[in-house]
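Student: I would like to learn how to read a few features of a model. Please take them one at a time.

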Amino acid sequence: MQTCINVVETLVPCLVQSGWNPGLAQFVSILLGVVLITMFPLVLVILLIWVERKVAARVQDRLGPNRVGPFGLLQNVADAVKLIIKEDITPAGADRLIYNAAPIVAMLSVILIWAVVPFSPVHIGVDLDIGVLYFTAVSSIGTLAIMMAGWASNNKYALLGAFRVVAQLVSYEVPFVLTLLVPVLLAGSMSMQDIVWAQLGMWFIVVAPVSAIIFYIANLAETGRAPFDLIEAESELVAGYNIEYSGMKFGLFMANEFIHAFTANLLFAVVFLGGWSGPGATQVPLLGFVYLMIKTAIVYIPSLILRATIPRVRIDQMMSFNWKFLVPVSIVNVLVMAALIKVVQLLGLTPPPDQATDLIANLPQAVVLLVGNIAIAAGVLAWLRNAGRRERMQSQSMVLEPEDEKALPATVGH
Amino acid sequence: MLELNPQTIAFFIFSVLTLGGALGVVISRNLIHGALYLIVSLFGGAGFFVLLSAPFLAAVQVLVYIGAIAILIIFAVMLTRSMTQMRELFNQQWWMSALVGVILFVLLAVGVIFPVWGANGSNPNVPVSDEVATTVDLGVALVDGNQYVLPFEVASLLLTAAMIGAIYIARDTEVSVDD
């Protein structure tokens with residue numbers, strides 16, 4: 001019986017048998033694997049944009065695309081064709097090389113993440129030892145692409161948009177990375193595949209819900225989705241960093257945004273919702289792929305509804321929300337979780353290695369960690385309540401004794 | 001003597017990236033271009049870490065140097081708008097940098113050709129250790145009392161001090177504490 005390890009291991013012997021040079025066969029099959037993994041998100045994006053438009057339309061009591069093809073499914077194919085045949089304009093005074101490289105670098109930063117996504121127990125681009133660190137590193141290149149686009153366009157709105165992006169993305173990377181530490185601690189490994197294997201017994205969202213929530217919020221900000229879509233605030237920046245781009249270069253930025261949003265939710269599903277794990281997934285790997293996609297959809301669709309319903313926050317609100325709330329909470333969360341995991345290990349509540357996939361054996365550990373999380377959440381809520389009360393008291397006293405010199409210029413006239 | 005295997009090809013590609021990027025940093029008059037060349041050069045360095053079987057350091061190189069430091073440099077350059085348009089030299093000290101660069105290059109070249117300072121003295125063909133270190137080993141080494149816990153703590157303390165200093169400098173002095 002032929003065993004299927006991956007495209008390379010399976011295809012190379014066949015090609016060599018039919019008279020290929022072994023080196024060439026190796027190269028071609030690796031190339032084929034790379035193309036497969038790269039093409040998947042690029043094809044998927046057409047469907048994603050359709051889903052996004054449909055959901056947004058439903059929220060706004062419209063039908064959405066419904067003319068081209070069944071249910072308007074081919075609308076985005078038509079849009080893509082339109083983008084390709086549009087005129088490609090390079091603004092005067094633009095830095096040509098950087099201007100043209102920016103969309104490619106942006107796309108690269110997202111597509112590269114897919115190399116470490118575990119689709120099923122056997123289907124993964126490459127199971128890096130440092131998978132989690134790898135995707136954090138790769139997604140930080142996206143910031144660079146937006147910076148390049150904003151600067152090379154020779155347009156002040158584009159540059160302002162780029163400044164905002166850098167401020168936003170660099171800031172939200174801090175809670176993003178800090179919360180990722182918790183699944184890594186729980187799995188005892190940074191490999192994506194190991195993190196999924198560690199969740200066969202109990203998903204990490206049950207064990208570490210606080211981390212999951214912070215990760216979800218930071219993900220929304222990292223991908224520039226509402227309510228954190230200041231990157232392209234039309235009312236203030238006209239269009240944001242990609243204002244000067246036209247044709248397929250704009251299309252690349254657009255597709256990049258959609259793929260990034262989906263990828264972020266895919267990673268959430270992998271890290272917190274057990275990835276491909278599910279009944280029968282270890283026996284039938286393809287089933288794992290289906291489970292992963294269903295889980296991703298379960299977190300992706302709410303993010304679309306969020307985008308369609310929540311108004312945009314102000315930039316200063318967003319920054320103070322990150323630095324004064326998310327970062328402290330995620331630091332406390334990591335500290336408490338690390339201590340609790342150690343305590344659980346010392347008390348011997350961790351499931352024995354041979355029963356790691358058993359739900360019952362995982363319960364004691366999960367209960368202790370869950371109680372720890374509830375304690376963190378309760379502490380945070382109490383802190384928020386006190387802060388809110390203090391703010392209300394302050395604003396009341398401000399009304400009683402107006403301090404003119406402290407009022408903002410815009411409010412003085414009223 | 002030189003085998004043409006994928007690793008050699010990758011080594012040459014990364015060498016070209018690193019050296020070409022470094023040359024671009026020195027030569028280009030436009031500061032933004034210089035910063036972008038720096039990123040290319042750092043990326044080549046990350047490639048070398050991969051070739052040396054140190055994927056953790058490669059990822060950290062990309063995350064910290066490209067994702068944070070280079071972005072910060074570009075940000076700082078862009079905020080000083082007049083600097084981005086600068087074309088002429090603004091001081092006459094290039095010969096001093098060139099001299100330092102040449103001395104460093106000669107030292108390194110001598111160090112590579114006549115290895116006397118390495119861990120194995122003048123016997124560079126013997127590897128220092130046969131152990132293949134994993135990320136776990138690296139983590140343990142950083143907190144092990146017999147290994148690098150002191151440098152690690154000193155570095156952490158230094159970073160904390162730098163952060164507090166930066167916050168103090170950046171603080172708006174007109175805002176009083178109880179406000």
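The dialogue below goes through the fold, a helix pair, a loop residue and a chain contact.

Tutor: This is a predicted model, in which local features need pLDDT of at least 70 and side-chain atom pairs count only at pLDDT 80 or more, while totals for chains, interfaces and linings use all residues. Residues are numbered from 1 along each chain as its sequence is written, and chains are lettered from A and ligands numbered from 1 in the order in which they are written.

Student: How many helices and strands does chain A have?

Tutor: Helices (H or I, at least four residues) and strands (E, at least two) are DSSP runs, numbered from the N terminus. Chain A has 15 helices and zero strands. Its radius of gyration, taken over C-alpha atoms, is 24 Å. The C-alpha trace spans about 85 × 65 × 40 Å along its principal axes.

Student: How is a helix pair described, and what is the case for α6(A) and α13(A)?

Tutor: Two packed helices are described by the angle between their axes and the distance between the axes. Here axes are lines fitted to C-alpha atoms, for helices over the stretch in contact, and angles run from 0 to 180 degrees between N-to-C directions. The axes of α6(A) and α13(A), the latter residues 315–347, come within 9 Å and cross at roughly 15 degrees. That makes the two helices roughly parallel (angles under 35 degrees). The residues of this contact divide into 20 nonpolar, six polar and one charged; nonpolar means Ala, Val, Leu, Ile, Met, Phe, Trp, Tyr, Cys and Pro, charged means Asp, Glu, Lys and Arg, and the others, Gly among them, are polar.

Student: Is D61(A) buried or exposed?

Tutor: A residue is buried if 20 or more other C-beta atoms, placed from the backbone, lie within 10 Å of its own, and exposed if 12 or fewer. D61(A) has 6 such atoms and is exposed. D61(A) sits in the loop between α2 (22–59) and α3 (75–85) of chain A, and has a positive phi of about 60 degrees although it is not a glycine. Across chain A, buried residues make up 41% of the 414 residues.

Student: Which element gives the most to the side of chain A that touches chain B?

Tutor: Residues are in contact if their C-beta atoms, placed from the backbone, lie within 7 Å. By that rule 17 residues of chain A are in contact with 16 residues of chain B. The elements giving two or more residues to this side of chain A are α5 (131–152) and α6 (156–187). α5(A) gives the most, with ten residues. By class, this side of chain A has 13 nonpolar, three polar and one charged residues.

Conventions. Contact = placed C-beta atoms within 7 Å. Rg over C-alpha atoms; globule rule 2.2 N^0.38 Å. Parallel < 35°, antiparallel > 145°, perpendicular 65-115°, else oblique.
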